[in-house]
Structure formats: structure tokens, C-alpha cells
2 protein chains.
Amino acid sequence: MFENVAIVGATGAVGEEFISLIAERGLKAKRFTLMASARSAGKSINIRGEPHKVLDLAKASFDGIDVAFFSAGGGRSKEFAPKAAAAGTVVVDNSSAFRMDPNVPLVVPEINPDDVKNHRGIIANPNCSTIIMAVPVYPLHRVNPVKRMVVSTYQAASGAGMSAMLELEQQSRDVLAGKPAQAKVLPFQLAFNLFSHNSAVGDDGYNEEETKMVRETRKIFHDAQIAITATCVRVAVMRAHSEAINLTFSRPITPDEVRRILTDAPGVRLVDQRNPQHYPMPIEAAGRDEILVGRIRQDISQPDGRGIDMFVSGDQLRKGAALNGIQIAELLDKK
Amino acid sequence: MFENVAIVGATGAVGEEFISLIAERGLKAKRFTLMASARSAGKSINIRGEPHKVLDLAKASFDGIDVAFFSAGGGRSKEFAPKAAAAGTVVVDNSSAFRMDPNVPLVVPEINPDDVKNHRGIIANPNCSTIIMAVPVYPLHRVNPVKRMVVSTYQAASGAGMSAMLELEQQSRDVLAGKPAQAKVLPFQLAFNLFSHNSAVGDDGYNEEETKMVRETRKIFHDAQIAITATCVRVAVMRAHSEAINLTFSRPITPDEVRRILTDAPGVRLVDQRNPQHYPMPIEAAGRDEILVGRIRQDISQPDGRGIDMFVSGDQLRKGAALNGIQIAELLDKK
């Protein structure tokens, strides 16, 4: 049981999801404190039926707060998470600010729950695309280590925040009305289009989202050797990410074996029906806790039997962000 | 100069594209004959400003027709293409009916133009996803043979026909109005969603679209050894397909070398700018002849330097279908 749990970035898309999941999962806490930027301070948001006033993060105190979920952007995490930690709060940070810090555990509770123990006041929540890939791949990796992964993503607007979701809606209305689509939040038209994930591209040609998928997976899996390449793409979907994942294992593995392992895997739901076809789709993953997994098949391009192709969809705001954070807090409470 | 060119399936999405490309490219023909199913017979369509009545394919004659572009579905191709060929017509067939027939050339003019010579009355136009992948990969393959390809597609509604494009529009209107999306032509909601390509799934778990990409590429490249795996996905885009392509070459190759080769490659346009970001997008590929190629980078998961990742977009109705067919006819005319 926590005394006081804070949600920092309470008015954002992930913040909203934290608030609804707190009620849904019955997170044990006596009180809640909501914080956001000055622009959103003063708003009132209900938690479990009780109105809570949103405080200005810059002026608020973390004294007496056990756990704070941060989802207010990397800049605010960098500035305020160390302050909160110094005040004795355990920060569960959804930004990328501390994920690769060797002193900060990067945790997916289905995979590396014990890493929580090593925290020094900050625990990082992985990138959404990383989580959605890692949850179904890890149970296979445990049994038959994955040597290489080639992943292509189909990422929803929610990953760019609530304003991006609203912009996708407005763009769609405009295009249907024969008007030009305005891109203010998103870098380009997303309605009836797609574009390469617009995070900064490094000297190696990979964008930051792709680099996160590579590095964070290695850290979470405790496997610095696993070879990963990713292509990250934003598609006209509201709130669930999908990923086409091609795997090379250490030893031969069959689709039946993969299905058997994933049937019992935590946080995974098999949706792999051929006739009539039923495979993972974003509209079915949205609002669900599990990562949907299907299209499991032997990769015919790897004749040695070590290749598997599969396709996954997972809710970006839930397991990709807020749910994973809540699960981390539940681990802390158990401890 | 052709005496009489027929467009079979003239009222479909690909048929319409054939008609507009005939004018745009100035295909040399004295007359045009339009055919379609009984349902569309009697309609009038303009070609180069002249009205043409659409004939009922089941009752029409191919006598005197030099070239017929078939895009009326595999069933009609199977029934009527051999009849047309027997009447002396060269059929350029856009369906999958004859593509893997060893007696039928499967031609992408930028890649294997000489195969046209071996026709016995029917020449097959490859699958749209195959063409859009093959055009940018082949120039690289010629210089440094590709050993393996892992491709994930982002396919537009146009691949399922004009009615699917209209349904995507209607579904989008309905979802934006808070109403349920109706899926009559498409198997599922496509608006603000995506789904695994709904062609039949075989015993190996691959759907027909994926199997086409594998087999057709081998036939076009004259390389039965090239290892390919594909995951085909339909996305909420109107008329251009995109593909994330991961390549393993025979020998090390650099992104600069790939860019240099593709700069001079026919049918390809480099769109590969990091700052500000400008990469291939369906709305920019739509209406263009070239396949847009970008995100060219060294695959960090292949430390031997033999791996390249790239992302392409190409107009499904143009280079993916009608344009490739017209180019085949231009080869015939040259001969």
C-alpha cells in the first residue's frame, strides 16, 4: 500500500491512461497527486470518482510521495526526476532520459522483474515499440536464444501524444472533404499516408526510435550480443502499434513450438487463426493488456529451420507505456 | 504502331489507369477497344477525347486486336486470355493466372525485357508488391548478388480494387462520425487500422501475396536460389504500396555504393534526405512512375557489412500494374 502516488504529465495521453488503469487495476494507494506543466495546472481530473486538482510540476513538492509516474517528456524527466528521487520518491519514468543509464533499471515485469531491486530512485519504462516486441520474443529467447531480429513497425499516432491523435482525426476529415491536410504536430500528413518515424536520424542512418529498440532490448534481455535491425514507420492508426518480426534462433525451432511457448507466456495472447483469418489488428489490440501475436510461421528464407516470422499488435498507451509502469509499481509494492 | 489495342477490365481501378497512361505516354495505336464484364458493358469512356463504348467481354471478338491488357481478375484471364492469344492477340495479363507458367514470360521491363521475346501469346505482369520491390533491388543484385531478403509491406487499398478504395473512404467517414465501419469489400475495417493481407494462407503459413513476392522475384531475376521471406499487410493508404526491405548481399556493400547504383537505375528515384527528413511516402509516390527509395543504411545486425536496410514506396496502380503493362507493350512495339 502506497501513501501517495503522483502522476506527472497527468493531462497527456499516457497520463490519462495511468489514471484509468489505476482505477481498473486497483493500485493500492491512499492518495494521488497529479502534476503537469504550468499550462495544464489548475485543471480538475477525477480519480476513482474523486476530483483532483492538477498541480504545477515546477512548483510542486515530492515530499511524502512514494511513487511518481513521469510521462511529461524527456526534458522534464531530466530536470525533475532526480529531485523527486532525492526527496525519497521512486520515479517510474516513461521518457527515454534514463533508460540507458547503467544505474537505472529498465524493466518489463514479464521479463526482468528482479532488476527493479537495483534502483537508486529511478526506474525506466522502456520505449513502447521495444516493450511490444520484447514481451512476445523473450519467452522464446529464454528457451532458444535469439541471435538476430529484423523488425518493421507500424506505429500509431498515440506514440506522438494526444495532440497527434487529434491531428490524425482532423487531417482525415480534411482529406475526405477534399481539403489539404495540415501537419502541425505531426511532421507530415498521416491521414491516408505513412512516414518514416521522425525521430532524429544518426550518423549510422538509424532514427532514435530504431536505436532504442536495438539498445533497450539488449539491456532488458541482459544480452549485449543479440543482433537487431529495425525500421520504424508511423501509420494512420490511433493507439496500437504493430510489428512484423523476423527471428533467427540459435537452434531450429518450429511454429508449433513457438505457439506452445507463447500460449503460456505472460502478457501475450495468441491470435493466429487461418480460416477464417484472424490475426493481430490494432483495433483489437487497443484497450487490451496483452500483446496479440499471430502469423507465426517457419521462415522459408532460412532453410536450416532456425527462422520464424510473426506479427504482433499491442496497445501503445497501455502495455507500451502506462500499464508497464503500473506493473513496475506493483512490483515495488510487493517488495 | 498497333492497329487495335484492347483494355479488358476497362472500368476497374487498373483499367482506368491503363486508359490515362495510354494518353499520357502516347502509346502508338490506331484504335482502342474497351471490354469489361456484362455489368459494365454499354458504359462510355473517353480515350484521348474520343468516347468508346465498353463491350461485353463474354461476347466480344479479339480478331484484329494486336495487344490486350487484361485486368479483370484471374478467372476471366484464365477463360479469355487463351482465346485472345489463339486469335493472334498478345495478351499482357495483370492477373496471377499465368505468372508462374513456365511458358509465360513474367516481365519487368527495367529488369528482364528480353524475356518478352519468348512469349506464346501471353505475357504476365507481376504482382504489384513484387514489382515495387524488384525494380530497386535488381540493379543492386546485378552488381552484388542478393542472397536473402526480408520484406514487410504496407499495402494500399487500391490493390483490392476501386471498390476497396471507396470503402476505405466510407469507413473513414463512418469512424469519424462515431459509427461502426462496414466491411463489405475489404475483409475487416481498414480505416484507422491495418490487417494481414487477406489472400488465402497456405500450409506453410504464408499467404498468397507473400508467396507471389517470393516466387515471382526468383523468376524475374532468373535466380532460383535467392532466399526471400515476406510479411504482407494492408494499411489505410489509397494507392501506393510501401515496403521495408532488409537485404543480405554476397559481398560487403556500403550505403554510398547503394545510393550510387540507384541514382542511375531506371525506374527509381532516390528520396533519402536526413535533415530535414524526406523519405519515401505513399502520398508522394502516388501518381508517379518511379519507385521512391530511401532510408538506405548499413544493417547493423550484419556486422560483416553485407546487410542493407531500405524503405520504398511505389504507385500500386501505375508501376505496380498499368505502367508496367504499357511498358511491356512498348517493348513489343519496338520489336
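**Fold, core and backbone features of the predicted model**

Chain A contains eight helices and 17 strands (DSSP runs of H or I with at least four residues for helices and of E with at least two for strands, numbered from the N terminus). The model is predicted, so that local features need pLDDT of at least 70 and side-chain atom pairs count only at pLDDT 80 or more, whereas totals for chains, interfaces and linings use all residues. Residues are numbered from 1 along each chain as its sequence is written, chains are lettered from A and ligands numbered from 1 in the order in which they are written, and side-chain values use heavy atoms, with hydrogens and water left out.

The radius of gyration of chain A is 20 Å, in agreement with the value near 20 Å of a compact globule of 335 residues (taken over C-alpha atoms; the rule is 2.2 Å times the number of residues to the power 0.38). Along the principal axes, the C-alpha trace of chain A spans about 60 × 55 × 45 Å. Of the contacts in chain A between residues at least 6 apart in sequence, 66% join residues at least 24 apart (contact: heavy atoms within 4.5 Å).

Buried residues make up 61% of the 335 in chain A (buried, under 20% relative accessible area; exposed, over 50%; partly exposed, in between; 1.4 Å probe, protein chains only). The largest nonpolar core holds 94 residues, of which A:Ile7, A:Phe69, B:Ile7 and B:Phe69 touch the most other members (a set of buried Ala, Val, Leu, Ile, Met, Phe, Trp, Tyr and Cys residues joined through side-chain atoms within 4.5 Å). Leaving aside neighbours within four places in sequence, the contacts of A:Phe69 include A:Val5, A:Ala6, A:Ile7 and A:Val8, together with A:Phe18, A:Leu27, A:Val92, A:Gly325, A:Ile326 and A:Ala329.

Most residues other than glycine have a negative phi, and most peptide bonds are trans. The peptide bond from A:Asn275 to A:Pro276 is cis, with omega near -5°, and A:Pro276 lies in the loop between strands E14 (273–274) and E15 (277–278) of chain A. In chain B, a cis bond with omega of about -5° joins B:Asn275 and B:Pro276.

Positive phi values occur at B:Arg48, near 50°, and at B:His222, about 55°. B:Arg48 is located in the loop between strands E3 (44–47) and E4 (50–56) of chain B and counts as partly exposed because its relative accessibility is 41%. B:His222 is in the loop between helix H5 (208–221) and strand E10 (227–231) of chain B; with a relative accessible area of 58%, B:His222 is exposed.
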